[in-house]
Amino acid sequence: MTSRTIPVDPFTLVVFGATGDLARRKLLSAMLHRDMAGQLPRLARIIGVARRDLGRDGYREMARAAVKGVDADGALDAFIDRIDYVSADAGDEKGWDELAALIGEREDDIVVYYLATSPDLFVPIAEKIGAHGLAQPRARIVLEKPIGKNAASALTVNEGIGAVFPEAAIYRIDHYLGKETVQNLMALRFGNALFEPLWNASHVDNVQITVAEELGVEGRAGYYDTAGAMRDMVQNHMLQLLCLVAMEPPPSMKADAVRDEKLKVLKALKRIDASNAGQLTVRGQYRAGASAGGAVPGYLDELGEASNTETFVAIKAEIGNWRWANVPFYLRTGKRLPSRVSEIVVTFRQVPHSVFEGETPQPNQLLIRLQPDEGIKLYLMIKDPGPGGMRLKHVSLDMSFAAAFGVRNPDAYERLILDTVRGNQTLFMRRDEVEAAWAWVDPIIEAWAGSNEPPKSYTAGTWGPSSAIALVERDGRSWAETDD
């Protein structure tokens with residue numbers, strides 16, 4: 001048995017919001033894959049909790065349908081037998097005694113409470129867990145983003161959860177941090193002598209982080225209109241990626257050592273507020289256009305009412321420390337963009353002098369692709385083969401994880417759930433990280449609200465408003481081209 005399939009200790013995974021999209025689409029399939037890989041011990045079990053009165057058999061049928069796309073190779077029945085169900089509500093006492101009795105059947109289990117619910121239920125569910133004596137010493141609680149809508153509400157959530165569980169038992173999940181490529185970013189930086197000496201303002205010209213989605217808001221319009229791209233993507237996913245790119249080498253890979261360095265980056269971000277948001281940020285909203293599937297409606301058409309909620313954000317951020325002084329970090333994220341892609345591009349500085357007459361070498365770039373095809377590319381200048389003089393060509397050393405290792409790449413949730421069982425918080429956000437991220441984001445949102453300017457319009461299927469292109473081009477740079 002390899003290290004990647006070492007089983008964890010016996011555990012009970014209690015999924016609140018078990019009938020929701022996240023539980024059915026991600027969590028159940030993640031656990032099935034780990035079961036097939038031999039990582040779930042014989043006594044591991046899953047208890048789904050939701051308001052719907054399904055009963056155990058009804059929920060098992062729902063679970064079976066949810067994982068029908070997984071090639072379970074005969075293991076599905078055994079996995080389904082691990083699943084139980086309780087109908088309970090955070091707003092009353094219904095079902096809580098039944099849940100407590102189920103959990104109490106196995107007193108020695110690690111218990112993981114996964115809150116795959118609306119964020120406004122986080123504190124009420126935690127309080128119910130505490131009131132019924134279910135926050136035992138080996139219990140952990142997992143919170144999905146977003147943690148609050150601003151710094152004040154995040155503080156309320158953190159304090160409410162913290163009144164029931166100690167910080168060491170709270171796992172604030174960001175599934176981007178569970179992606180193989182994100183973890184390989186740390187391996188690249190801190191496991192190789194090649195990059196770290198160049199990872200600073202003397203050698204890096206700029207860093208770009210793009211998280212693009214082809215889809216619109218689909219069935220999430222009600223939620224999305226209360227959040228927008230800034231709260232939905234920038235405050236959590238994108239700032240976490242920025243931290244991993246920019247942080248100092250930690251003394252070890254222990255959870256708090258890594259999170260201490262990420263926190264320093266968040267605190268070093270230069271403030272953006274009403275005085276400079278107009279120059280350093282762009283927000284947009286898609287209108288009707290076309291995608292690969294044909295004509296698509298605009299955001300207001302999908303929402304059915306007027307709104308100034310942004311579906312696109314571009315930001316020029318800077319980190320006020322010695323390593324990154326004057327190096328711009330360009331962030332962009334949006335819906336209804338030309339392709340679904342998440343990537344980090346580190347562009348190094350030009351060579352100081354070109355010795356090739358008539359040829360200007362392009363700068364080296366390191367591209368870290370998170371999705372759809374996880375991998376890493378290092379772009380270098382080489383001679384174009386053939387006679388006829390020195391012609392330079394920009395080509396990549398390409399490593400696709402799927403091709404290089406010949407194995408299925410586990411979904412981020414597979415890793416993160418089992419890390420929770422193991423008690424490893426390295427890939428989860430600490431309370432002070434969440435609050436520091438909001439402290440940087442809130443003044444930007446307030447500046448937008450105070451300007452009374454609506455989001456810039458962009459056509460669905462394009463790379464956002466023209467002002468997002470200008471944000472980069474006025475610095476003499478351009479957005480890196482994404483190659484699918």
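The confidence that the predictor assigns to each residue is called pLDDT and runs from 0 to 100. In this predicted model, the chain has a mean pLDDT of 89, and 93% of its residues reach 70 or more. Residues are numbered from 1 along each chain as its sequence is written, and side-chain values rest on heavy atoms, with hydrogens and water left out. Local features need pLDDT of at least 70 and side-chain atom pairs count only at pLDDT 80 or more, whereas totals for chains, interfaces and linings use all residues.

**Confidence along the chain**

- Where pLDDT is low, the predicted coordinates should not be read in detail.

**Salt bridges**

- Counting a salt bridge wherever a side-chain nitrogen of Lys or Arg lies within 4 Å of a carboxyl oxygen of Asp or Glu, the model holds 32 salt bridges.
- One of them joins the side chains of Arg106 and Asp109 at 3.2 Å, N to O; Arg106 is partly exposed at 22% relative accessibility, while Asp109 is buried at 5% (buried means under 20% relative accessible area, exposed over 50%, and partly exposed in between, with a 1.4 Å probe and protein chains only).
- Arg259 and Asp256 form another, with their closest N and O atoms 3.2 Å apart, and both residues lie in helix H9 (residues 255-268), 3 residues apart, or about one turn of the helix.
- Within that pair, Arg259 is buried at 2% relative accessibility, whereas Asp256 is partly exposed at 41%.
- In helix H13 (residues 412-422), Arg422 and Asp419 are separated by about one helical turn because they stand 3 residues apart, and their salt bridge brings the closest N and O atoms to 3.1 Å.
- Of these two, Arg422 is partly exposed, with a relative accessible area of 44%, but Asp419 is buried at 8%.

**Packing of H1 and H13**

- Helix H1 (residues 21-36) packs against H13 at an angle of about 75 degrees, with the axes 8 Å apart, where axes are lines fitted to C-alpha atoms, for helices over the stretch in contact, and angles run from 0 to 180 degrees between N-to-C directions.
- H1 is therefore roughly perpendicular to H13, a term that covers angles of 65 to 115 degrees.
- The contact (heavy atoms within 4.5 Å) involves residues including Leu22 and Met31 of H1 and Tyr413 and Ile417 of H13.

Conventions
Helices (H or I, at least four residues) and strands (E, at least two) are DSSP runs, numbered from the N terminus. Angles under 35 degrees count as roughly parallel, over 145 as roughly antiparallel, 65 to 115 as roughly perpendicular and the rest as oblique.
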